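Q: I am new to reading protein models. Could you take me through one, feature by feature?

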Amino acid sequence: MIIKLFQSSHRLKAQQLLKKHCNSTTSCHFHQGEMGRKFVVGGNWKMNGTKSQINEILAFLKQGPLNESTEIIVGVPAIYLDHVKSNAPANVEVAAQNCYKVDKGAFTGEISPVMLKDIGVNWVILGHSERRQIFQESDELVAEKVSFALSNGLRVIACIGETLQEREAGKTEEVVFRQTQAIANKIKDWYDVVIAYEPVWAIGTGKTATPQQAQEVHQALRQWISQNISPDVANSIRIQYGGSVTGANAQELASQPDIDGFLVGGASLKPEFVNIVNARQ
Ligand SMILES: O=C[C@H](O)COP(=O)(O)O
């Protein structure tokens, strides 16, 4: 069972079971430092695509080849979730791009985690900067959504990241720690959470963070998580980078030790997404 959990991406759950196992036997060969994090690449299609364009994306995903050791998730506009769920290759998981914090009721235009589970969708992207900025989602609301989605059995890509103004004011760490703390205030288990660090100034602008800039924030965040949540969570949680990732820059970004994958916008609509999926050598 532990091996199965490792092969899936429930690494933290596996790690905790292993810890229990290691404490109860003297011959355990597993140690925390040996546990790698599975590379995870998400394609966030945002509000793009008609059914025929989506079928073209599905065609290049089917053609691949897609690295088997990378977990792949596509974030699909709500109206096409069912279609993509039925037509995506088996190794490509499907995510919604948002969901609300209650299971049903008078919330016109919203969709709930229960509805997503009902059509077999197991992932949701929450707290994307476009939701935070255009739709004024607060840290508190994002955290409530994360908590409610997890309690309904969804797995979550939780997005954080600073604006250009915040970076220039030297507030990058303060912002990403604050956004993560808001989530930490509402959840206990991080097994089913992937964090996507997406500096807002790099989204859709062609200005990718350099591998060093991204690594610096990922490392600082992991250290913060170790001190403020737990060393186990810090060691196991996957932190994606997002912001103008392309087939051309993915490989160097993927070589950074604390970058565990990507959340890709524009390039996820194009065949180069396959190169991004395969960026971790
Ligand atoms: O969710 C994805 C990010 O917003 C990145 O978008 P981008 O790759 O188009 O810069």
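**Reading the model**

A: Start with a place: Asp192 sits in the loop between α9 (172-184) and β6. Helices (H or I, at least four residues) and strands (E, at least two) are DSSP runs, numbered from the N terminus. This is a predicted model, where local features need pLDDT of at least 70, side-chain atom pairs count only at pLDDT 80 or more, and totals for chains, interfaces and linings use all residues. Residues are numbered from 1 along each chain as its sequence is written, and side-chain values use heavy atoms, with hydrogens and water left out.

Q: Is Asp192 buried or exposed?
A: Use the cut-offs: buried means under 20% relative accessible area, exposed over 50%, and partly exposed in between (1.4 Å probe, protein chains only). Asp192 has 18%, so it is buried.

Q: Which side chain makes a polar contact with Asp192?
A: First the idea. A polar contact is a pair of N or O atoms within 3.5 Å; within protein, one must be able to donate a hydrogen and the other to accept it, and residues adjacent in sequence count only if both atoms are side-chain atoms. Here the partner is the side chain of Arg155, at 3.4 Å.

Q: What is Thr180 in contact with, leaving aside neighbours within four places in sequence?
A: Contact means heavy atoms within 4.5 Å. Thr180 lies in helix α9. Its contacts are Ile160, Trp190, Ile195, Leu221 and Trp224. Thr180 is buried, because its relative accessible area is 1%.

Q: Where is Thr208 found?
A: Thr208 is in the loop between β6 (193-197) and α10 (211-228). Its relative accessibility is 23%, so it counts as partly exposed.

Q: What does Thr208 touch, not counting residues up to four places away in sequence?
A: It touches Trp201, Ala202, Tyr241, Gly243, Ser244, Asn249 and Leu253. Take Leu253: it is 45 residues from Thr208 in sequence, and the two are 9.8 Å apart in space, C-alpha to C-alpha. Two of the touches can be read atom by atom.

Q: Where is the place of Ser244?
A: Ser244 is in the loop between β7 (238-241) and α12 (250-254). It counts as buried, because its relative accessibility is 16%.

Q: How do I read phi and the peptide bond?
A: Most residues other than glycine have a negative phi, and most peptide bonds are trans. Now the cases here. Ser244 has a positive phi of about 55 degrees, although it is not a glycine. Lys46, in the loop between β1 (39-44) and α3, has a positive phi near 50 degrees. The peptide bond from Gly64 to Pro65 is cis, with omega near -5 degrees.

Q: Is Pro65 buried or exposed?
A: Pro65 is exposed, because its relative accessible area is 65%. It lies in the loop between α3 (51-63) and β2 (70-76). Leaving aside neighbours within four places in sequence, Pro65 is in contact with Val274 and Asn278.

Q: Which residues come nearest to the ligand?
A: A residue is near a molecule if one of its heavy atoms lies within 4 Å of it. There are 13 residues around the ligand, and Lys46, His128, Gly204, Ser244 and Gly266 come nearest. An oxygen atom of the ligand is 2.7 Å from a polar side-chain atom of Lys46. A polar backbone atom of Ser244 is 2.7 Å from an oxygen atom of the ligand. A polar side-chain atom of Asn44 lies 3.0 Å from an oxygen atom of the ligand.

Q: How much of the ligand's accessible area does the protein cover?
A: Accessible areas come from the Shrake-Rupley method with a 1.4 Å probe; for residues, only the protein chains shown count as cover. The ligand has 310 Å² on its own, and the protein covers 95% of it.

Q: How many bridges join β2 to β3?
A: Two strands pair if DSSP finds at least two bridges between them. Five bridges join β2 and β3, and the strands run parallel. Gly75 stands opposite Ala95 in β3. Strand β3 (residues 92-96) is mostly covered, with four of its five residues buried.
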